[in-house]
Amino acid sequence: MSRDRVVVPSATRDQRPHRRSVLLAGLGVGGAAALGGLGLAACGTSEGPNPSPAPTLRAPTPVPGVSDGVFALGVASGDPLPDGVILWTRLAPKPTQGGGMPSRDVPVDWQIATDERFASVVRAGTQTAQAAFAHSVHVDVRGLEPGRDYYYRFRAGTVLSPVGRTRTAAAPASGGAAAASGALNFALVSCQDFQNGYWPAFDAIAADHPDLVVHVGDYIYEYDPDSRFPDRRHTTPQTPGLDQLQTLADYRNRYGQYKADPALQAAHHVAPWVVTWDDHEVENNYAGLVDEPGDLGAKHQDQAQFARQRAAAYQAYYEHMPIRAELDPGSPSLKIYRRLTFGSLATFNVMDTRQYRTRTPGDFASAIGPAELGRANVTGTMAGADQERWLRDGLAASRTRWNLIAQQTMMAQLDGLLPTGGGEILTNLDQNDGYRPYRRRILTNVRDSGVRNPVVLSGDLHCAWVNDLRVDFDQPDTPAIATEFVCTSISSAFFLVSDEFVRENNARFNPHVRYFRGDRRGYTRFRVTPTQCRADQRIVADSDRPDSPVTTDATWIVEDGQATAHSA
C-alpha cells in the first residue's frame, strides 16, 4: 500500500518530484505481496490460532554517504487521528549547510511500537527520502488504536534515529458531547526567535509530558544574523542585508538551525504537534501575496516575486513539519487549515490567517495606526471566504464538549494611546484589530452556531493574555461569548513599550482583558476535562539562560457551560 503525500497537476506529474510512503497497516494478501520485495512481514492481529508475525524491518544495509549524525534534526510526530499519526524526520548531517546529504534519494525504514524498547512493534515500513524534498520523510501511519501512546524511530542505512513518543487521538463516543470523558493535556506555544534567547520553555514542556503541543506560528524568524549570544546567531542567507530569507536554500538552512536545538527536539520527541504558521515563516507582516509593508528598494517585491519567495517558504515549512498536507512543488499555495477531533471531548479548528488575508489597511511599516482604519475595513478578511465558511460550518456541526479555535494574532480588541497620552486611538492593524468587520463575522458565527464551550487560542504578541470575547467590543456591557487565551513567546522579545503602559491602556480602553503579562517568556499549559478548561500561564525566569527555571504565574479556568474564565 502506498500513500502519495505530494499532489501535482496531472499534466506535469511525470516532470515533478513526488514521494510515496510504504505502510504496513494490517493489509491483506495484496498488501503483503506488494511489500515482499522489501523483506517486510505484513501486520496482522494476535487473535486466532495462527496469528501473523509482528512487522519486522529488512536487514540493515549500509548506504554510501549515510553515517552517524544523519538524524541531527531528530524526529517528530503530528496531526494525530484516532487511528493514525504523521511521523517525520529529515536526513541532514549538516543541517545549516544544505543538509550534507548525497544528491540522490535514500530509503528510510521506520517502526512504531507500543513500548520504548520496541519489543511490541505494530507497524513498520520503508519510505524514500527524496533529495528534491531535502531528504525529509512524512509517514502517515494508520491502523493504530485510539487514545494510546506509541513509540517510533527511523533507520537510514545502519543508523538508528532517536526514539520519539506519540499519542493517537481518542475515538468519539456515540453520545457526542454529553458522553465526553477523559482529559487532554496540551501546551500552546508560539514565537521562538532563535537570536533573542534560549528555550528552557521547551525543556519544561518536555518535562510536562503532554498529550499534544499546539504551535500557532513563528516557528522560525527570517532576520539576518544579529544576536547578543554568539551561539544564537542566525544562518547567513544568500543575500544578506535584506533581513529576509528568499530562496529555498535560505529557508532550509534556517529550519535546520532551529530544529537542531536540543530543547526544541526534546519537546518534539515527547508528544505529537499540531502546527500552523504566522508571518515570520515567510516574512514579517505579509498579507496574502503582499510583502512586508514599508519595504523599499531591494527589500520590496512585487506579487510575482513574492509568490516565488512564498513558494520556497511553504515548501521548506512542509519539509520540516509533522503535518498532514499536500504540497504542489513550486506553488505559492499550501492548504494547512484543518480540523482535529479528540474523542467527544475537544475539537481543534486550526486556522491559517496569513495565506488568504487581504492587504493590511494603511500599509504602516510598524503596523501601528488609527483604530478607525480597522473599523472601516469592511471588505477585509484574514482567512478568506472559503476558510470562513469552513469554520462556520464546522462549529455548527461539532458534537464535542470543547471547541477550540487555534489561530495566530490576538482576537480581542487592543486599543490605546501613545505614552504621551494625546492624539487618536491607535491599534495594531496587523492583528484582528485591522480587520474588525471580519472579526465581527467570525465571532457572530461562533455565537450563532450554538457550539458548546468555544475557546480561542492565539499567539504572536509575545505576551500572555486572558480575554473575554464579545461580538462588539465597543459595547462592553454585552455578554461575552467565549474566552481567548494568548500564550507568551518562547523567546521573542516583548515590544509593547512596557507592562505598565499596556495595563494603563487596558484600564482605559480594553475592559475585556482579564489577565496580561509581557515581561516573561514561556507558554500556556492546558488541561481539558468534561467539566473545565484549565490554563496555567508558565513563565521562564530568565531566557538568557538555557537552564532557567520555569514556574506557573497564574491559573485561569473556564467551566463547562460558561463563556468567561475565572482565576483559580
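Leu469 stands opposite Ala482 in strand β22, where strands are DSSP runs of E with at least two residues, numbered from the N terminus. The strand β21 (residues 464–469) pairs with β22 in the antiparallel sense over five bridges; two strands count as paired if DSSP finds at least two bridges between them. This is a predicted model, in which local features need pLDDT of at least 70 and side-chain atom pairs count only at pLDDT 80 or more, while totals for chains, interfaces and linings use all residues. Residues are numbered from 1 along each chain as its sequence is written, and side-chain values use heavy atoms, with hydrogens and water left out.

On another side of the story, β20 (residues 454–458) joins β22 in the parallel sense through four bridges, and Val456 has Glu484 as its bridge partner.

How buried is β22 (residues 482–486)? Five of its five residues are buried, so the strand is largely enclosed by the rest of the structure. Buried here means under 20% relative accessible area, exposed over 50%, and partly exposed in between, with a 1.4 Å probe and protein chains only.

Let's turn to β7 (residues 136–141). Six of its six residues are buried, so β7 too is largely enclosed by the rest of the structure. Strand β4 (residues 85–90) runs antiparallel to β7, with six bridges joining them, and Leu87 sits opposite Val139.

In a regular strand the side chains alternate between the two faces of the sheet. Here is how that looks:

| Strand | One way | The other way |
|---|---|---|
| β7 | Ser136, His138, Asp140 | Val137, Val139, Val141 |
| β22 | Ala482, Glu484, Val486 | Thr483, Phe485 |
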